[in-house]
Amino acid sequence: MDDFLTHYALKIQNALDDRETPPPENAVCSICKTTLAGRAPADGAFRCQDCICADIMCAHCIMKEHRGHPFDRIRRWSPDNQCWLRVDLTALGFVLYVGH
């Protein structure tokens, strides 16, 4: 039983650690394949904390992919702080229409 727990605990820890690693220097958007290196931070690398795959995307694609999930927690890579910072979709220009 201990081997089982140790094995899966290590896998879970590695998966969580992978979510905090910086994007690679040659990062591209997983949807449109645009190069993200050298872009302004506001249009740089984005990742969703709630999505299982947590692919790196550009601002346009993260908004497009989250039209149906407007309350997911989006993170933007900050090269100055060297960490993923929380950003609202509304800061990227997303408008939620409630249909009234």
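**Ground rules.** The model is predicted, so I ask for pLDDT of at least 70 for local features and 80 or more for side-chain atom pairs, while totals for chains, interfaces and linings use all residues. I number residues from 1 along each chain as its sequence is written, and my side-chain values use heavy atoms, with hydrogens and water left out.

**Core.** I started with the nonpolar core, meaning buried Ala, Val, Leu, Ile, Met, Phe, Trp, Tyr and Cys residues joined through side-chain atoms within 4.5 Å. For burial I used relative accessible area with a 1.4 Å probe on protein chains only: under 20% is buried, over 50% exposed, and in between partly exposed. The largest core has 19 residues, and Cys29, Leu36, Ala45, Phe46 and Ile74 have the most contacts inside it. At least two core residues come from each of β1 (46–48), α2 (59–65), β2 (74–78) and β3 (83–87). α2 gives the most, with four residues. The element names are DSSP runs numbered from the N terminus: helices are H or I with at least four residues, strands E with at least two.

I then listed the contacts of Ile74, taking contact as heavy atoms within 4.5 Å. Leaving out residues up to four places away in sequence, Ile74 touches Phe46, Arg47, Cys48, Ile62, His66, Leu85, Arg86, Val87 and Leu89. I also checked Ser78, in strand β2. Ser78 is buried at 5% relative accessibility, and beyond its neighbours within four places it is in contact with Cys83 and Leu85.

**Aromatics.** My pairing rule takes rings of Phe, Tyr and Trp (its six-membered ring) with centres within 6.5 Å; planes under 30 degrees apart are stacked, over 60 edge-to-face, the rest tilted. I get one aromatic pair that way. The ring centres of Trp77 and Trp84 are 5.4 Å apart with planes at 65°, so I log the pair as edge-to-face. Both Trp77 and Trp84 are buried.

**Charges.** I found two salt bridges, counting a side-chain nitrogen of Lys or Arg within 4 Å of a carboxyl oxygen of Asp or Glu. One joins Arg73 and Asp50 at 2.6 Å, N to O. Arg73 sits in the loop between α2 and β2 and Asp50 in the loop between β1 and α2, so this pair ties together parts that are 23 residues apart in sequence. Arg73 is partly exposed at 34%, and Asp50 is partly exposed at 33%. Another joins Arg86 and Asp88 at 2.9 Å, N to O. Arg86 is partly exposed at 46%, as is Asp88 at 43%.

**Cysteines.** How many disulfides does the structure hold? I count zero, with the cut-off for two cysteine sulfur atoms set within 2.5 Å. For Cys32, the closest cysteine sulfur is that of Cys29 at 3.7 Å, too far for a bond. For Cys51, the closest is in Cys48 at 3.4 Å, also too far. Cys32 is partly exposed at 37%, and Cys51 is partly exposed at 22%.

**Phi check.** Most residues other than glycine have a negative phi, and I noted two exceptions here. Lys33 has a positive phi of about 65°; it is in the loop between α1 (2–20) and β1 and is exposed at 56%. Gln82 has phi near 55°; it is in the loop between β2 and β3 and is exposed at 52%.
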